[in-house]
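Subject: Structure handover

Hi there,

Here is the structure I promised to pass on. Could you open it alongside this email and follow along?

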Amino acid sequence: MKGVWGRLLEVDLTAGTSRSIEIPEKVYRMFLGGRGLATYLLAREFREKWRFLDPLSPDNPLLLLTGPLTGYYPGVKLSVSGKSPQSNSIIGSVVSSEVAIELKASGFDGLVLKGSCEKPCYVFVENGNVEIRDASSIWGLGGLKLIKQFNSLLKEDVKADPKTPFVYIGPAGENKVRTAAVMAKLAHAAGYGGYGAVMGAKRVKAVAVKGYGSLPPVDDPESLNTLFRSALGNIKERMKRFRQWGTTEGTWHTGYYLSSMPVKNWSEEWHDVKDFSHVGFELETWVKNPWADWGCPVACMKLSIAKWKGEVFITDNPDYEMAAYLGSNLGVFTPKGAVVLSSLADELGLCGIQTGNVMGFAVELYEKGILTRDEVGYELKWGDVECLARLMKDIAYRRGIGEVLAEGTFRAARLLSEKKGVDLTKYAIQVKGIAVGAHGVRSGKDYPQPISYALSVQGGDHTSVAGFPVNSTESEAWYSILDSGVVCMFTVLDDSSLLEYLNKVTGWGLDPGEFYDIGRRIITLQRILLLIGGPDAEWSARDDDNPPRFYEPLPTGPYKGSALKREEVDELKKKYYAEMGWDEKGIPSEETLKRVGLEEFTPMLNMLY
Ligand code: SF4
């Protein structure tokens, strides 16, 4: 086997044991690793029982996986997966973390956490040896405090190398908030999916990994070396602007020119506040530019600091999605305000996208008089950083109105609709339990297509959008390959170079058709698990739709009046089903399963008719 070890390390938290699980090469060839491997392993383990698996129960495994490209391709990402407490399906969430490299250097392609600890614990893996240790002294902490104290704990408790990387959860994860993230370093998050809550339900505060071995051998080291050097140069050259500005450039480009940035819970998608731009962030908040994750020539990150009410707030950037969701979506148009809220989200261990989305939903309900001061306990106002910070903390600690908002936008809308006796789901900007990424589709100028979110097997996830052509870098097959490789999307230039790279690492000699079949296979299996869903929400073709607001005309900006057209979306949906080999209800057909080698899962289709 080349590029992978062919084994995972499984830790049973309940029993306090661990074991190595062998994975045949055929499985890697079919699913690569990361998101694809997680989908296969969970489908195989649970099959029809998937519907009854509670994502927040100890039975839901948490998978931290690498892929065949981990360690060889520039940059680093760790795949975080399991049954999502947001979508009740599998979300391939990724976070930039050197834990991925250390896992491979430990002789494993990933870590699977099963069961749960009785008391707060952390997991320490050194060269494949597992220790489950007491974490009560760091339970309740987040952000810098957690990082400092956990570093000391690792040193004293297990004599860990001072450079041991780890992933962790903040207070939100401990409180099983469905918008909680699995965090890395200070401000990196695997946000989509709500896996911070899954980790919290297992009472695992952190996972630290150190390996002193080599990476697995590759098929053609010499050519790979040449390819690596030319990839480094090409990526650096092509991503120059990204190195300078990171994704923060979107605060102006996406907000002003493309008119597809969330503003006040998506009631608008345009702004013309010049200071709320990459230049504004650079002048007002950046103290370091650029910095990078392991082996990354792009170095898209920046470090921001803001002082507010006598406190210092630090975050990386914030990147475009954070600036959009914890800035414009909440009516905050100052770099400082966005940095304060982003830093707070990091400290609490919250996903900025999911949390900014549910907060925008709450502020809109308050403005409309649907939520009252009595219910919230204070006034909610667009752009008021003080009340927004308070609301965010209430969500992380499930206090007051935060208890219902901690369920995420989809469930909060359902619960409040029931309570108020009116349908509030039209204000919920989400798809299948996942808040929509900060790229609108109404202007038609940004990268998502009208069906991008509606047809994605990961709902509103902007890093896994559906699109045409279905075998291209516009498709969800492509995004699933990136998440399974596992590589950072900003370091990949095109599909042919990635395929060449994969072949040099693995020796599989895949052609472009087989390459995209891997992606099609992954999303087909994800689609089956998504449709089975459960236990508290299930999805059908009816849910393959955009948030209702996307059918309303844009009220401002250069594309004023522009909106999605339902007939067009319906037509595209039919075309997409047909091209993916799904029937008129969006259910993958038996023939499709056979074509992509998923016959063993055919009996699961019976649950969908
Ligand atoms: S492009 Fe940015 S996010 Fe991706 S690995 Fe490099 S530094 Fe990290």
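A word on the basis first. This is a predicted model, in which local features need pLDDT of at least 70 and side-chain atom pairs count only at pLDDT 80 or more, while totals for chains, interfaces and linings use all residues. Residues are numbered from 1 along each chain as its sequence is written, and side-chain values use heavy atoms, with hydrogens and water left out.

Domains

The protein chain is assigned domain 1 (7–210), domain 2 (224–434) and domain 3 (436–607); such bounds come from an automatic or database domain assignment. Between the C-alpha centres of domain 1 and domain 3 there are 25 Å. In the contact of these two, 43 residues of domain 1 meet 54 residues of domain 3, where contact means heavy atoms within 4.5 Å.

Cavity and pocket

Both terms rest on a 1 Å grid over the protein atoms alone: a cavity is a set of points where a 1.4 Å probe fits but cannot get out, a pocket is an open set with protein on both sides within 12 Å along at least five of seven lines, and lining residues have an atom within 4 Å of a point. Grid points are joined across faces, edges and corners, and a volume is the space filled by probe spheres set on the points.

The structure holds 1 cavity of 30 Å³ or more, and the largest cavity has about 70 Å³ of space. Its lining includes Gln-86, Arg-178, Gln-354, Glu-407 and Arg-411. Helix H17 (residues 408–420) gives the most to this lining, with 4 residues; helices (H or I, at least four residues) and strands (E, at least two) are DSSP runs, numbered from the N terminus. By class, the lining of the largest cavity has 2 nonpolar, 6 polar and 3 charged residues. Here Ala, Val, Leu, Ile, Met, Phe, Trp, Tyr, Cys and Pro count as nonpolar, Asp, Glu, Lys and Arg as charged, and the others, Gly among them, as polar. Domain 1 and domain 2 each supply at least three residues to the lining of the largest cavity.

The second largest pocket holds about 380 Å³ of space. Of its 17 lining residues, Gly-142, Gly-143, Leu-144, Lys-145 and Glu-347 lie nearest the centre. Helix H4 (143–158), strand E15 (311–316) and helix H12 (335–348) are the elements that give two or more residues to this lining. The classes here are 9 nonpolar, 4 polar and 4 charged. Again, domain 1 and domain 2 each give at least three residues to the lining of the second largest pocket.

A helix pair

Have a look at H18 (residues 476–485) and H20 (residues 512–532), whose axes come within 8 Å and cross at roughly 90 degrees. Axes are lines fitted to C-alpha atoms, for helices over the stretch in contact, and angles run from 0 to 180 degrees between N-to-C directions. H18 and H20 are therefore roughly perpendicular to each other, a label for angles of 65 to 115 degrees. Residues in this contact include Trp-478 and Ile-481 in H18 and Phe-515 and Tyr-516 in H20. By class, the contact of H18 with H20 has 7 nonpolar, 3 polar and 2 charged residues.

Backbone details

A cis peptide bond joins Gly-485 and Val-486, with omega about -5 degrees. The bond from Gly-534 to Pro-535 is also cis, with omega near 0 degrees.

Best wishes

Terms used:
Angles under 35 degrees count as roughly parallel, over 145 as roughly antiparallel, 65 to 115 as roughly perpendicular and the rest as oblique.
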